[in-house]
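Hi,

Here is the structure I said I would pass on.

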Amino acid sequence: MPDIKHFDPDAALDTALRLFWRQGMAATGIQDIVTATGLNRSSLYATFGGKRELYLAALKRYVELRSGPKYRRLAEDGRGLPAVADFFEGLIAARCSGEHAGWGCMAVNAQAGAEYGDFEVRALLERHHQDLRDALRAALVAAEERGQLAPGVDPGPTADVLALLAHGVNLRSRAGADARALRATVTSALDSIGRSPAV
């Protein structure tokens with residue numbers, strides 16, 4: 001008879017994801033996950049493998065379900081700079097209020113954690129960054145086509161700068177930065193690349 005799982009692996013993975021997101025990989029032990037999920041170690045190991053494999057599965061799930069859809073919406077929006085502004089507003093709201101306030105971004109947190117030493121984690125984080133950069137570039141190309149960018153603003157390098165700004169918002173919010181201060185920084189950055197209205 002095949003072994004029958006008497007628990008929901010997706011629910012267990014979501015619980016592990018929340019622990020890794022809030023605490024980081026190094027600070028989250030298997031016993032923490034056992035306690036949070038109510039599962040025994042043998043069930044976790046049989047389903048996911050060791051802690052490394054469980055972390056990788058959780059990080060992939062985070063990117064697929066949380067970051068990915070936001071990046072696709074930004075890339076496909078077509079409004080240009082208003083879409084970029086809305087993206088940053090949503091980012092700041094998610095990082096500074098609600099259930100996950102102060103948690104930062106799981107993918108960005110990983111870049112500063114011990115888990116970054118794992119080559120599979122690094123590869124996933126590099127794709128995550130590239131997806132963000134590509135989405136911002138698509139929005140900036142739309143802005144350029146709509147005449148919203150200041151003269152000389154190149155969508156490619158500017159997308160790189162805005163991607164770094166998004167990472168900074170994630171890190172500063174985790175450190176307790178005030179949402180108003182983050183919004184002021186983002187507004188200043190977007191004002192610097194936008195075409196001034198005719199006087």
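I started with Arg-133, which is buried, with a relative accessible area of 16%; the cut-off for buried is under 20%, so this arginine falls inside it. Bear in mind that this is a predicted model.

Where does Arg-133 sit? You'll find Arg-133 in helix α7, which runs over residues 119-145. What does its side chain reach? From Arg-133 the side chain gets to the backbone oxygen of Gly-156, at 3.2 Å. Gly-156 also turns up among the residues that Arg-133 touches, along with Pro-157, Ala-159, Asp-160 and Ala-163, if you leave out residues up to four places away in sequence.

Now for the chain as a whole. The fold has nine helices and zero strands, so going by the DSSP runs, the pattern along the sequence reads α-α-α-α-α-α-α-α-α. The C-alpha trace spans about 75 × 35 × 30 Å along its principal axes. There are 199 residues, and 43% of them count as buried.

On contacts: taking those with a separation of 6 or more, 71% are between residues 24 or more positions apart.

As for the surface, the accessible area of the chain comes to about 10,400 Å², and carbon and sulfur atoms hold 53% of that. The charges are 24 positive and 24 negative side chains, with the centres of the two sets 3 Å apart.

Cheers

Technical notes. Residues are numbered from 1 along each chain as its sequence is written. This is a predicted model: local features need pLDDT of at least 70, side-chain atom pairs count only at pLDDT 80 or more; totals for chains, interfaces and linings use all residues. Side-chain values use heavy atoms; hydrogens and water are left out. Helices (H or I, at least four residues) and strands (E, at least two) are DSSP runs, numbered from the N terminus. Buried means under 20% relative accessible area, exposed over 50%, partly exposed in between (1.4 Å probe, protein chains only). A polar contact is a pair of N or O atoms within 3.5 Å; within protein, one must be able to donate a hydrogen and the other to accept it, and residues adjacent in sequence count only if both atoms are side-chain atoms. Contact means heavy atoms within 4.5 Å. Accessible areas come from the Shrake-Rupley method with a 1.4 Å probe; for residues, only the protein chains shown count as cover. Lys and Arg count as positive and Asp and Glu as negative; His and the chain ends are not counted. The place of a charge is taken as NZ of Lys, CZ of Arg, CG of Asp or CD of Glu.
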